[in-house]
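Here are a few friendly notes to read alongside the coordinates. I begin with the contact between the chains and then turn to the fold of one of them.

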Amino acid sequence: MPVSVRAAPFEPYAEVASHQHAVFGASGQFGATAVFVGTMRDFNEGDSVQGMTLEHYPGMTERHLETICATASGQWPLLETLVIHRVGDISPGEAIVLVVVWSAHRQAAFEACREIMEALKSQAPFWKKERLATGTRWVTGNTAGYPASKS
Amino acid sequence: MITLKLFASLAETHGWRERERTWVAGTRVIDLWCAETGQSGLPARVLCARNMDYCPPETPVFPGDEIAFFPPVTGGSHAR
């Protein structure tokens, strides 16, 4: 159930393939793999965004990501999870976050992947600072993940 | 000793990221914020953590603790 916070760009689908091979090899015990990739947009709140810097709290961030994955593993019958999150200077089009869940069946994989991502967004200490043509600004909120009735 | 940390916009606003202070018996997290910033209370949009766990501002502080203050995480709101 590894979590990783990285300053260097990563290729999310290569990470999925290599981790799956390392953990499961050629076995067929998993029947469902749910993957979420968050990618940096080049727009926000009506402005063109040239890049951003993502700050985190070393130690606390990793601890919360591990807790989030452990909680999901207690809630659904998961075989494996993988979370990779970028920090530092990020350009539009680069992957920011990867959440992968392997399970025997799709319901657990879909639901756990969603829940891990939503918990990450609301609990893990990350802070975004956007670079605009006019300067920089801290992002103070986020787009809704769940419908308003559930959030 | 105790270690104090600020992150993100708070670090920029106050001009420091980390400092150490001598522990004083009876100190709470909110007391540290007020002593370091000169403010009379913790603003609504400032969160705090003791030893890397979210905590209420009234949490007691002990020798060796790491106390951090930061804005709400970018992912959304976090009730403290």
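1. Across the interface of chain B and chain A, 10 residue pairs are in polar contact, both partners at pLDDT 80 or more; please keep in mind that this is a predicted model. On the side of chain B that touches chain A, the elements giving two or more residues are helix 1 (8-14), strand 4 (53-54) and strand 5 (66-70) of chain B. That side divides into 10 nonpolar, seven polar and six charged residues.

2. Three salt bridges also cross the interface of chain B and chain A. In one of them, the side chains of Glu55(A) and Arg17(B) meet at 2.8 Å, N to O.

3. As for extent, 23 residues from chain B and 22 residues from chain A take part in the contact. Together the two chains bury about 1,800 Å², with 54% of it on carbon and sulfur atoms. Within chain B, the most area is lost to chain A by Phe7(B), Met52(B) and Thr74(B), together 37% of what that side buries.

4. Turning to the fold, chain A has an open sheet of four strands in the order 1-5-7-2, with mixed pairing. Strand 1 (3-6) and strand 2 (32-39) of chain A are the edge strands. Neighbouring strands of the sheet are turned by 10 degrees against each other on average, direction ignored.

5. Strand 5 (residues 78-86) and strand 7 (residues 95-103) of chain A pair in the antiparallel sense over seven bridges, and His85(A) stands opposite Val97(A) in strand 7 of chain A. Helix 1 (residues 12-24) of chain A packs on the sheet, its direction making about 30 degrees with that of strand 7 of chain A. Helix 3 (residues 106-123) of chain A lies across strand 2, strand 5 and strand 7 of chain A, at about 150 degrees to strand 7 of chain A.

Key. Residues numbered from 1 in each chain as written. Chains lettered and ligands numbered in written order. Predicted model: local features only at pLDDT ≥ 70, side-chain atom pairs only at ≥ 80, totals over all residues. Heavy atoms only, no water. Contact = heavy atoms within 4.5 Å. Buried area = accessible area lost by both parts, 1.4 Å probe. Salt bridge = Lys/Arg side-chain N within 4 Å of Asp/Glu carboxyl O. Polar contact = N/O pair within 3.5 Å; in protein donor to acceptor, adjacent residues only side chain to side chain. Nonpolar A, V, L, I, M, F, W, Y, C, P; charged D, E, K, R; others polar. Pairing = 2+ DSSP bridges. Axes fitted to C-alpha atoms, helices over the stretch in contact; angles between N-to-C directions.
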